[in-house]
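Please read them with the model open beside you.

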Amino acid sequence: MRSVFNPFFDPEARFISLDPAIPRFHASLADYRPTPLHSLPGMARDLDLGGIFVKDESQRLGLNAFKVLGASWAAHRYFERNGGGADTLAAATDGNHGRAVAWAARQAGKRAVIYVPRHTVLARIAAIRAEGAKVVVVDGTFDDAVRQADEDSRANHWQVLSDTAYPGYMEIPAWIMEGYSTMFTEIDEQLADMRSRPPDVVMVQAGVGGLAGAAVRHFLGADREHRPVLVTVQSSEADGLVESASSTDGEPHATRRNQETMMAGLACGMPSLVAWPALKRGVTLFVSVEDRFAAEAMRRLYFPAVGDPRIISGEAGAAGLAGLMALCGAAEFADARDRLGISGSTSVLVVNSEGDTDPVNFAKVTGSGTGDRSVTD
């Protein structure tokens, strides 16, 4: 596990507010409603914090994850600009983004081909297929799936709708990151309704960094008076942002680890080229945590402290809380905790980015079952 204070952090960084048309677009979708923002006073007491808020994305449009916000907005912009565009959308995914792209393609009457790495669990593949998509299992990592999706799309004249940016493919990932802004707009409104002050610290999980980039652009917006500390959380086995912040050149760097983590939604090697510039300027601390912290966070949300609601959280979904628990209790992070000034008055926001997208492992972690987690054909 590692914690790296960002040497490239710009305390004067301000970001232009995103288009208010984005939340209006999402509000126009059938069955749209804001996802819950929960207060966890019991857990806050247990961790000796002033407050914890959890944005629960497990209930987003029936897809069990936040990713549809980005995929739907990007698909809308693409089809609007291109007058219908390609007949097939393709994407690489660890699970949730692919399901969201398949959903967006189906809504538009288009075909979807989704590429997944070899260790993707059966339940996530089934969820993508249930949206009408073809699933291609790539014998490799997420980054291998990204390359295969790009190659096949060029050969077949499909449109890539992946959420990570790489040379020659930058615009659509930026749209996807924009789409996530609706979540944070909802949080502002919900905190105001609860008459709660804005959080002091925002913990956001990161794979390629799109969600974290959206958080930076929102909470460090030019028109905001309160600027919380932004912390990203990755798996110790897929810590490209930590690696990038540890570099001397300020450029994005891939993880040097094997990407084999229970937090499948974060099992990405290379940061997104459109997310890294915002993260480089706006994130204070980059941390990586072991799977055991994610498992414990899942259990603590499922078996809540007295007075707290039960929250169903998947492995990547619980990563923000896992990072917070590590900051509050792990010896490796004692210095980081002190430098951030985390205390009994600190208010923290975390995002539950997914529900039980791997029901078998969720049951195993929470003590109610076991099973095979992978697919190889």
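1. The largest cavity has a volume of about 270 Å³. A cavity is found on a 1 Å grid over the protein atoms alone, as a set of points where a 1.4 Å probe fits but cannot get out. Grid points are joined across faces, edges and corners, and a volume is the space filled by probe spheres set on the points. The search of the whole structure finds three cavities of 30 Å³ or more.

2. Before going further, note that this is a predicted model, in which local features need pLDDT of at least 70 and side-chain atom pairs count only at pLDDT 80 or more, while totals for chains, interfaces and linings use all residues. Residues are numbered from 1 along each chain as its sequence is written, and side-chain values use heavy atoms, with hydrogens and water left out.

3. Which residues lie nearest the centre of the largest cavity? They are Phe66, Lys67, Asp163, Gly265 and Leu266, out of 24 lining residues (lining residues have an atom within 4 Å of a point). Two elements, α4 (96-107) and α9 (210-219), each give two or more residues to this lining; α9 gives the most, with three. Helices (H or I, at least four residues) and strands (E, at least two) are DSSP runs, numbered from the N terminus. By class, the lining has ten nonpolar, ten polar and four charged residues. Here Ala, Val, Leu, Ile, Met, Phe, Trp, Tyr, Cys and Pro count as nonpolar, Asp, Glu, Lys and Arg as charged, and the others, Gly among them, as polar.

4. The largest pocket holds about 370 Å³ of space. A pocket is an open set of points with protein on both sides within 12 Å along at least five of seven lines. Of its 20 lining residues, His119, Gln259, Glu260, Thr261 and Ala267 are the closest to the centre. The lining divides into six nonpolar, eight polar and six charged residues.

5. His119 lies in the loop between β5 and α5. His119 and Glu260 are 141 residues apart along the chain, yet their C-alpha atoms are separated by 8.8 Å.

6. Helix α4 has twelve residues and reaches 17 Å from its first C-alpha to its last, close to the 16 Å expected at 1.5 Å a residue (the expected span is 1.5 Å times one less than the number of residues). It is mostly covered, with ten of the twelve residues buried; among them are His97, Arg99 and Trp103. The cover includes α3, β4 (88-92), β5 (111-117), α5 (122-130) and α7 (171-179). Just after α4, Gly109 takes a positive phi of about 70°.

7. The largest nonpolar core has 81 residues, and those touching the most other members are Ile114, Met183, Phe184, Leu211, Val216, Leu279 and Phe286. Such a core is a set of buried Ala, Val, Leu, Ile, Met, Phe, Trp, Tyr and Cys residues joined through side-chain atoms within 4.5 Å. Helix α3 (residues 68-82) supplies the largest share, eight residues. A second, separate core of 44 residues includes Leu49, Leu301, Met325 and Ala326. In soluble globular proteins, nonpolar side chains tend to be buried together.

8. Leaving aside neighbours within four places in sequence, Asp150 is in contact with Val160 and Tyr166 (contact means heavy atoms within 4.5 Å). Ala145 is in helix α6 as well, and is buried, with a relative accessible area of 0%.

9. Asp48 is in the loop between α2 and β3, and counts as exposed because its relative accessibility is 54%. Asn64 lies in the loop between β3 and α3; at 17%, Asn64 counts as buried.

Key: Buried means under 20% relative accessible area, exposed over 50%, partly exposed in between (1.4 Å probe, protein chains only).
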